[in-house]
Amino acid sequence: MEKQSAFNIHPMDQFIIDPILTGDSLEWFSFTNQALWMLISLVSISFVFIYGSRKHQLVPGRLQSIAELMYFFIRDMIIDIAGQEGLRYFPYIFTLFILILFGNVLGLLPYSFTYTSHIAVTGFLALSVFIAVTIIGFVKNGLGFLSLFWISSAPLALRPILLIIEVISYFVRPVSHSIRLAGNMMAGHAVIKVFAGFAGALGLGAVAPIFAITAVYGLEMLVVVIQAYVFTILTCVYLNDALHPGH
Amino acid sequence: MASNSDNSAVGMPQLDFSTFPNQIFWLVVFCVVLFAIVKLFIIPRMEDIFANRRKIIDGNIAKAEEIRLRVSEIEKQIEEELQKAKSQCDEIMNASGHNIKEQMASALEDSKIATAQLISEAEGRLKELRDGSEAAIEKISEELASEIISKISRGK
């Protein structure tokens, strides 16, 4: 970061939003590296899901298997967690999942930009989920949605205390939901960048940091998928709370 | 703020709030387009593939069920045939047993009648013989008596 002397390491540079078409000025509509990678992600998703399964094969080929695997994985997850009523929201949750998954995975490519490492992006997504789930909860259950905070299975004396805890935890949800994802993405990429900086400075001794990068990269491949999964499964859990607030 | 002026990030670029409107604008555009793709292309296609597969699997299951029914029908037929054959066999055996008994009875009856006839014949003959011998004795004794008389009278 600030160490400009011996090592020339700038692990956070990879997260800089850079307007790539309009020079240096960043307006709200400027096409940036982030927007570019969102576009690439869009193309990749279309490639896997539309090109990959264009033949509607009965016995799927490689790409179609991948598409089907993701599709039915999310579908089954919603049914498992939020029940059959949850399937109504499947398109939204599936969109969320592939948006995060492809953002994370593409972010592992060298020189790429990880849009899910930005708190603005994950925060927006988490807030959308939070607001949508709250609205669904009130629309489906009316004021009965508030029973989510009034734990009727607990002793009466404890309930006011639990009420406070539940309300706080409810409003903390979008924060933890978004920071978990952005933090994981940012940390992994920064670590790789730091090791890469070491490798650049060490000459022949670079074998050790390169080995470390390989190891971290393997770990990151895991983290990247798991974080997309975690974000989606938490969305399902919140949705389930909205659909069935009575625990 | 000036994150890209000196080509090196100061602190976290993620917390540079001046980029937020831009990020959120492109994210919203991205989300809307992606949602449209999911809703218009991906879901119909996946559901179509799944429905097709389901249909074929269901068709195969129905076919298997049909074959199973046919097999059970054939089994029933075999069972029926077997039952029929068994009852036929029983009938034949019963009938032949009956026949044999009847034949034996009639043969016994025949032999009884034959023996009775033989006995009565033999008795008749015996009686005849007895009658015959009595007459002969009488005749002989008569002849003998007349002979004796003539002898006696001649001897005088």
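A:Tyr111 is an exposed residue, because 6 other C-beta atoms lie within 10 Å and a residue with 12 or fewer such neighbours is classed as exposed. In this predicted model, A:Tyr111 belongs to the loop between α3 and α4 of chain A. Its backbone deserves attention as well: A:Tyr111 is not a glycine, yet it has a positive phi of about 70°. Most residues other than glycine have a negative phi.

A second residue of chain A may be set beside this one. A:Ala187 is part of helix α5 of chain A. It counts as partly exposed because 14 C-beta neighbours are found inside 10 Å, a number between the limits of 12 or fewer for exposed residues and 20 or more for buried ones. A:Ala187 and A:Ser117 stand 70 residues apart along the chain, and their C-alpha atoms are separated by 8.7 Å.

From these residues one may turn to chain A as a whole. Chain A contains 6 helices and 0 strands, and from the N terminus on its elements follow the order α-α-α-α-α-α. Along the principal axes, the C-alpha trace of chain A spans about 65 × 50 × 40 Å. Of its 247 residues, 34% count as buried. When contacts in chain A between residues at least 6 apart in sequence are considered, 63% of them join residues at least 24 apart.

The C-alpha atoms of chain B fill a box of roughly 205 × 30 × 15 Å along the principal axes. The radius of gyration of chain B is 64 Å, whereas a compact globule of 156 residues would have a value near 15 Å. Buried residues account for 10% of the 156 residues in chain B.

The two chains meet at an interface in which 35 residues of chain B are in contact with 37 residues of chain A. On the side of chain B that touches chain A, 22 residues are nonpolar, 9 are polar and 4 are charged.

One part of the meeting between the chains involves α1(A) and α1(B). Two packed helices are described by the angle between their axes and the distance between the axes. Here the axes of α1(A) and α1(B) come within 10 Å and cross at roughly 10°. The two helices are therefore roughly parallel, since angles under 35 degrees fall in that class. From α1(A), the residues taking part include A:Met38, A:Leu42, A:Ile45 and A:Phe49, and the residues they meet in α1(B) include B:Trp26, B:Phe30, B:Leu34 and B:Phe41. By class, this contact has 13 nonpolar, 3 polar and no charged residues.

In soluble globular proteins, nonpolar side chains tend to be buried together. This core has 56 residues, and those that touch the most other members are A:Ile74, A:Ile93, A:Phe97, A:Ile98, A:Ile100 and A:Leu239. At least two residues each come from α1, α2, α3, α4, α5 and α6 of chain A and from α1 of chain B. The greatest share is that of α3(A), with 9 residues. Leaving aside residues up to four places away in sequence, A:Leu239 touches A:Ala82, A:Gly86, A:Tyr89 and A:Val133.

Definitions and conventions
Residues are numbered from 1 along each chain as its sequence is written. Chains are lettered from A and ligands numbered from 1 in the order in which they are written. This is a predicted model: local features need pLDDT of at least 70, side-chain atom pairs count only at pLDDT 80 or more; totals for chains, interfaces and linings use all residues. Two residues are in contact if their C-beta atoms, placed from the backbone, lie within 7 Å. Ala, Val, Leu, Ile, Met, Phe, Trp, Tyr, Cys and Pro count as nonpolar, Asp, Glu, Lys and Arg as charged, and the others, Gly among them, as polar. A nonpolar core is a set of buried Ala, Val, Leu, Ile, Met, Phe, Trp, Tyr and Cys residues joined through C-beta atoms within 7 Å. Helices (H or I, at least four residues) and strands (E, at least two) are DSSP runs, numbered from the N terminus. The radius of gyration is taken over C-alpha atoms; the globule rule is 2.2 Å times the number of residues to the power 0.38. Axes are lines fitted to C-alpha atoms, for helices over the stretch in contact, and angles run from 0 to 180 degrees between N-to-C directions. Angles under 35 degrees count as roughly parallel, over 145 as roughly antiparallel, 65 to 115 as roughly perpendicular and the rest as oblique.
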